[in-house]
Amino acid sequence: MLRSSVSRTSAGSRAAATRVVVFAAVAAALLGTAACGDDDGASAISLPNLLLAGDQLPPGFAAVPMDVNDLIVANRATLEQAESVAFDPKQCGPTADAEFNPQLTDENTALLVGRSDDGTFSELASTVRRNVDADRRATTGPCRVVTAVPSRGSLAGARIVTTSVELPAVSGPAVDQAFLLRSDSVTTLPSGAVRARAGLMANVLVRAANGEVVTLQVGLSTLEREISEADRAAVAPGTPLVAAPVSDDEFIGLVRSAVARAAQ
């Protein structure tokens with residue numbers, strides 16, 4: 001699930017978010033197959049069993065069908081579009097996504113997707129190990145505010161500014177590494193129209209019951225909406241144009257629940 005500025009605003013990401021992220025919708029279906037166990041004979045992982053149950057989704061969200069292969073196709077399209085995007089700072093492109101997403105298959109990944117009237121939820125569990133350090137480098141420090149300008153596609157010439165804030169990481173015996181953040185993305189189209197989206201994303205390396213480390217990715221995002229000039233004028237400088245689907249604390253609690261489920 002892509003979480004770069006482009007992935008949250010391109011057509012490919014919207015498919016992936018009604019898919020993340022992306023930063024994004026939920027299927028409790030048994031997607032993916034059991035991963036291979038360790039050489040010491042530990043039990044194989046049933047990836048779908050690591051995902052949250054449908055009744056654990058945030059209030060207002062309902063599960064929707066989503067196939068892992070649809071996610072793979074959407075991610076591929078978004079990464080291809082990212083190649084035509086100018087990022088400022090230049091080093092703040094989606095490097096973790098570029099390494100992680102092409103390795104996903106319906107055998108090594110399971111997906112849960114959900115939707116509300118104005119938002120999307122996604123949870124991914126995979127035996128592919130994500131580079132969480134790369135996620136942190138792409139969204140903090142000099143990459144806390146990133147401007148992306150696509151040169152082709154429906155967003156050609158748009159200016160997409162994404163501001164990210166790192167949230168307190170979850171911890172515990174089952175957590176090898178964790179990175180949580182809130183992001184606010186504002187897209188200014190060549191016509192002058194302004195769209196905004198808010199999202200929450202967590203990438204966690206979790207040690208499952210058999211000892212194998214799996215990547216757990218949890219995302220929540222508002223649907224992108226157009227913001228009128230009057231509404232923009234009414235917002236205090238530095239204040240996000242739209243609110244995230246849940247509070248920071250509620251999201252951290254959701255991630256804790258997801259980690260507990262994956263580690264049991």
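Guide: Let's start with the word pocket: on a 1 Å grid over the protein atoms alone, a pocket is an open set of points where a 1.4 Å probe fits, with protein on both sides within 12 Å along at least five of seven lines, and lining residues have an atom within 4 Å of a point. A volume is the space filled by probe spheres set on the points, which are joined across faces, edges and corners. Here the largest pocket holds about 280 Å³. Its lining has 15 residues, and the closest to the centre include Thr163, Asp184 and Val186.

This is a predicted model, where local features need pLDDT of at least 70 and side-chain atom pairs 80 or more, while totals for chains, interfaces and linings use all residues. Residues are numbered from 1 along each chain as its sequence is written, and side-chain values use heavy atoms, without hydrogens or water.

Visitor: Why is arginine 130 called buried?

Guide: Buried means under 20% relative accessible area, with a 1.4 Å probe and protein chains only. Arginine 130 comes in at 2%, so it counts as buried.

Visitor: What makes the link between the side chains of arginine 130 and aspartate 97 a polar contact?

Guide: The cut-off is a pair of N or O atoms within 3.5 Å, one able to donate a hydrogen and the other to accept it; sequence neighbours count only if both atoms are side-chain atoms. The pair with aspartate 97 is at 2.8 Å, and arginine 130 has another polar contact, 2.7 Å, with the side chain of aspartate 135.

Definitions and conventions. Buried means under 20% relative accessible area, exposed over 50%, partly exposed in between (1.4 Å probe, protein chains only).
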